[in-house]
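Thank you all for coming; please have the sequence and the structure open while I talk.

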Amino acid sequence: MFGKLFGRSAERPVADPHVLPAPRRQRSQVYTLRALGDARVLALVEAAGAGDWPALKAALPLVDLGRDHQVLLELAQVDGVQDWIGQAIEDEGEDRASALLIAGARYVAWGWEARTAAFAANVTPEQRRTFFRRLRIAEEYLLEAVELRPDWVTPWGRLLALGRGMSLGAEVNGARLADALHRDPLDLETHLEWLSHLQPRWGGAPGQALAFARDALARAPRGHRLGCVIAMAHIHDWIEADDGECLATPEIQAELRCAVDHSILHPGYVFRPGWQYDFNVFAMALALADERHTIRRVFRTLDGAYTVRPWLHLAEPEKEFTRHHRRA
């Protein structure tokens, strides 16, 4: 893991030599966070974009790809990785597991790009075929990575994502969840993937995801980012609901305030590369709940740093982030 890079104050992250400077902007303007705001991650992303496997390998020791889902997802979003990663996989050296992991993650992302975020009824037969073909390739790569590095947790997160898309069923997906939690019982991304599995649109029962999130928060130490699971559960409920004001209740506002104080606004919260995503998750949930007090502290710490996830669930993500940022 990157470790404690940014200090421990939830209001003012301490400067770090690896932090990318925010783009020059006028006061209150927003900017899209790039490469988790970290120079080491940027080096990885740029090497991946250039198809430069030697440079990417050289940068890998600076990160923990087997435990940091956010770094892996940054690489998974790089268009064109699928065109050259096959040659890297042929490398029989110690970095082969990393190549397999990156390949699997990219093919999962590439598969979802083909399918799009549309509901199943709106996905064309050709999109569906491409989707399944890419996910099957991803599964091969990820399972081989797991064999080589059984201690890694990040392959299981991607296996959960493709398991949902391929409708592999409760037994397979449940076993993969158990494998992931065995490696890290408090892993946020594993919990977020399972939240998606529990949504009614993916076969879950109403209220199931929120119950899972509450149980997770009860197990999370104070200052742990796992608290984001409560915010994301409410965002999912909002997505499923017909009522756009469904989160604007005193009970939900209070639950979100408790969760944010327990996690990202607690003094024990660790500012690591990509911490802005955690704050964006709470910012969106608090905005949808029309919470007016705690949201100010969240946006003040973000200082305009926008992450595409989770706002992509809105019709105009960056515009909505900007509106709420200014309002706060």
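Predicted model: local features only at pLDDT ≥ 70, side-chain atom pairs only at ≥ 80, totals over all residues.

Residues are numbered from 1 along each chain as its sequence is written, and side-chain values use heavy atoms, with hydrogens and water left out.

The term pLDDT stands for the predictor's confidence in each residue, on a scale from 0 to 100. The mean pLDDT of the chain is 92, and 92% of its residues reach 70 or more. Over residues 1-9, however, the pLDDT is below 50.

Now to the helices, which are DSSP runs of H or I with at least four residues, numbered from the N terminus. Please find helix α7, residues 154-165, whose end C-alpha atoms are 17 Å apart, in agreement with the 16 Å that its 12 residues should span at 1.5 Å a residue; the expected span is 1.5 Å times one less than the number of residues. In α7, 12 of its 12 residues are buried, where buried means under 20% relative accessible area, exposed means over 50%, and partly exposed lies in between, with a 1.4 Å probe and protein chains only. Among the buried residues of α7 are Trp156, Arg158 and Leu159, and the buried residues of this helix pack against α3, α5, α6, α8 and α9.

Which residues does Glu139 contact, leaving aside its neighbours within four places in sequence? Glu139 lies in helix α6, residues 125-148, and is buried at a relative accessible area of 16%. Its contacts, meaning heavy atoms within 4.5 Å, are with Leu159, Leu162, Met166, Leu168 and Arg176.

Next, consider a pair of helices. The axes of α10, residues 208-219, and α11, residues 228-240, come within 8 Å and cross at roughly 170°; axes here are lines fitted to C-alpha atoms over the stretch in contact, and angles run from 0 to 180 degrees between N-to-C directions. The two helices are therefore roughly antiparallel to each other, since angles over 145 degrees count as roughly antiparallel, under 35 as roughly parallel, 65 to 115 as roughly perpendicular and the rest as oblique. Residues including Leu210 and Leu217 of α10 and Ile230 and Asp237 of α11 make the contact.

Further along is helix α13, residues 275-288, which reaches 21 Å from its first C-alpha to its last, close to the 20 Å expected, and 14 of its 14 residues are buried. In the loop between α13 and α14, Asp290 has a positive phi of about 55° although it is not a glycine, and at 29% relative accessibility Asp290 counts as partly exposed.

In helix α14, residues 294-302, we find Val298, which is buried at 0% relative accessibility. Not counting residues up to four places away in sequence, Val298 touches Val260, Ile264, Leu265, Phe279, Ala283 and Leu286.

I will finish with Pro310, in helix α15, residues 308-311, where the peptide bond from Arg309 to Pro310 is cis, with omega near 5°.
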